Structures are given as structure tokens and as C-alpha cells.
Amino acid sequence: MYKKQMQLQKVFCLIALFASVLVFIYALGIMTDLYDALYFTMMDPTDPDTTFVQGSQVYYHMQGFNKSLLSGSIVMLLLSVLLFITNTNKRRKYYFANYASVCLYSVYTLAFVVWGHINIQRYRAEWKAIDFEALRNFATTFKHLYTESTFWFDVHYFVFLICICAVCLLVFNVFWKISLMKEERRLLEGGEVA
């Protein structure tokens with residue numbers, strides 16, 4: 001049973017790393033359509049309120065959030081690397097550093113996902129309030145991107161679901177590891193060979 005658990009704990013740590021990389025890529029891409037469709041609608045970039053398209057200010061409103069999302073994804077990536085630094089992926093027995101790294105990754109990731117979801121939903125609603133008729137006219141006239149797509153807002157469900165799955169797998173692994181360590185200790189104390 002230990003062998004199977006040790007193989008799976010490596011997979012779980014890799015899933016956590018993959019989830020972190022995915023969030024980082026998502027943070028880099030979320031502003032893509034917004035920039036292409038909305039940036040040039042601003043008559044004066046220093047004054048977002050002067051725009052050809054009512055509601056296009058969402059591009060500017062999201063700047064701070066996007067910076068925080070990117071920074072947060074880097075922290076999440078570093079915490080996933082910490083799982084490997086503490087050998088959480090290959091240790092037969094877990095020590096304080098292993099529990100701490102799993103706890104840090106899990107708590108941070110869950111808080112980050114909740115914070116990100118709340119903000120993305122808010123900006124999605126702001127995006128949907130844009131005057132798309134004016135945006136279509138602007139895009140046709142000046143040959144810029146026109147889109148009403150909410151793809152970059154909606155894909156966060158998939159990205160954050162993978163993060164939540166990674167956390168669940170890591171926590172499951174910790175409890176599985178604890179139960180196996182107790183069983184091994186019981187067998188050793190009983191004089192049986194593990």
C-alpha cells in the first residue's frame with residue numbers, strides 16, 4: 001500500500017504544480033481580448049472616462065486586479081515548488097515541513113481561488129454592461145477586434161476547479177499518509193515486518 005501511496009503522492013504534487021502554472025498562464029491571458037477590443041476606444045488614455053464606447057473603462061478597472069492576480073499566481077507557483085523542496089512528493093514519512101508546505105499551499109490556494117472568483121465575476125458583469133453596439137461600430141470603423149465573448153472570464157471556472165482538485169488531492173494524501181504511518185508504527189511495535 002505504501003508503494004502505491006508514494007507513487008500517487010508524486011502525481012498529486014505534480015497536479016498542484018500544473019494547477020499553479022495554469023493559473024499563471026491564465027493571469028497572463030485574461031486581459032488579451034480586453035486590450036485588443038477596448039484600449040483604443042479611449043480618446044485620452046490618461047482619462048478613461050473620455051471614451052468612444054460606454055463601459056470600456058472595465059479595461060482600466062481591471063489593471064490592478066490583473067496585477068494582483070499575476071502576483072498571486074507567482075506566489076502559488078512558489079508554494080507548489082515548496083512541495084518539491086520539502087520532498088513532499090517522495091518522502092516515506094512526513095515531517096513538520098511536509099505538513100507545513102501542504103497546509104500553506106492549500107490555504108493560500110483556496111483563499112486565492114475565492115478572491116479571484118469574486119473579482120472575476122464582478123468584472124464579467126462590468127464587461128457585459130458595455131455598449132456593444134458602439135463597440136461594433138468602433139471596431140468596424142477603425143478595424144479593431146470586436147468581441148462580446150466572455151471566454152477569459154468563464155474559463156476561470158475550469159482553472160480554479162483544477163486548483164481546488166489539487167488541494168483536495170494533497171489533503172487526501174496527507175490523511176492517507178498519516179493512516180499508513182500509524183499502521184506501520186503499529187506493525188513495528190508489534191514486532192511484525194512492514
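1. Isoleucine 130 counts as buried, at 5% relative accessibility. Here buried means under 20% relative accessible area, exposed means over 50%, and partly exposed lies in between, with a 1.4 Å probe and protein chains only. Isoleucine 130 sits in the loop between H4 and H5. Helices are DSSP runs of H or I with at least four residues, strands are runs of E with at least two, and both are numbered from the N terminus.

2. A word on the basis of this note. The model is predicted, so local features need pLDDT of at least 70 and side-chain atom pairs count only at pLDDT 80 or more, while totals for chains, interfaces and linings use all residues. Residues are numbered from 1 along each chain as its sequence is written, and side-chain values use heavy atoms, with hydrogens and water left out.

3. What does isoleucine 130 touch, leaving aside residues up to four places away in sequence? The list is Leu38, Val53, Gln54, Gly55, Ser56, Val58 and Leu135. A contact means heavy atoms within 4.5 Å. Aspartate 49 is 81 residues from isoleucine 130 along the chain, and their C-alpha atoms are separated by 13 Å.

4. Now the overall fold. The protein has seven helices and zero strands. Along the sequence the pattern reads α-α-α-α-α-α-α. The radius of gyration is 23 Å, well over the 16 Å that the globule rule gives for 194 residues, so the protein is more spread out than a compact globule. That radius is taken over C-alpha atoms, and the rule is 2.2 Å times the number of residues to the power 0.38. The C-alpha atoms fill a box of roughly 80 × 25 × 20 Å along the principal axes.

5. Burial and contacts come next. Of the 194 residues, 42% are buried. Among contacts with a separation of 6 or more, 78% join residues 24 or more positions apart.

6. The largest nonpolar core holds 49 residues. Such a core is a set of buried Ala, Val, Leu, Ile, Met, Phe, Trp, Tyr and Cys residues joined through side-chain atoms within 4.5 Å. Leu34, Leu38, Met62 and Tyr105 have the most contacts inside this core. At least two core residues come from each of helix H1 (2–29), helix H2 (32–38), helix H3 (58–85), helix H4 (96–128), helix H5 (132–142) and helix H7 (156–189). H7 gives the largest share, 11 residues.

7. Tyrosine 105 deserves a look in the viewer. Residues up to four places away in sequence aside, tyrosine 105 touches Ala16, Ala19, Ser20, Met76, Leu79, Ser80, Leu83, Ala166, Val167 and Leu170.

8. Tyrosine 59 lies in helix H3. Is tyrosine 59 buried or exposed? At 10% relative accessibility, tyrosine 59 counts as buried. Tyrosine 59 touches Met31, Leu34, Tyr35, Leu38 and Tyr39, again not counting residues up to four places away in sequence. Tyrosine 35 is 24 residues from tyrosine 59 in sequence and 6.8 Å away in space, C-alpha to C-alpha.

9. Lysine 67 is also placed in helix H3. This lysine 67 counts as exposed, at 63% relative accessibility. Lysine 67 and alanine 27 are 40 residues apart in sequence, with 8.4 Å between their C-alpha atoms.

10. Asparagine 87 has phi near 60°, a positive value in a residue other than glycine. Asparagine 87 is in the loop between H3 and H4, and is partly exposed with a relative accessible area of 25%. Lysine 143 has phi near 55°, again positive in a residue other than glycine. Lysine 143 is in the loop between H5 and helix H6 (151–154), and counts as exposed at 72% relative accessibility.

11. Last, surface and charge. The accessible surface comes to about 10,500 Å², and 67% of that belongs to carbon and sulfur atoms. Areas come from the Shrake-Rupley method with a 1.4 Å probe; for residues, only the protein chains shown count as cover. There are 17 positive and 14 negative side chains, and the centres of the two sets lie 19 Å apart. Lys and Arg count as positive, Asp and Glu as negative, with His and the chain ends not counted. Each charge is placed at NZ of Lys, CZ of Arg, CG of Asp or CD of Glu.
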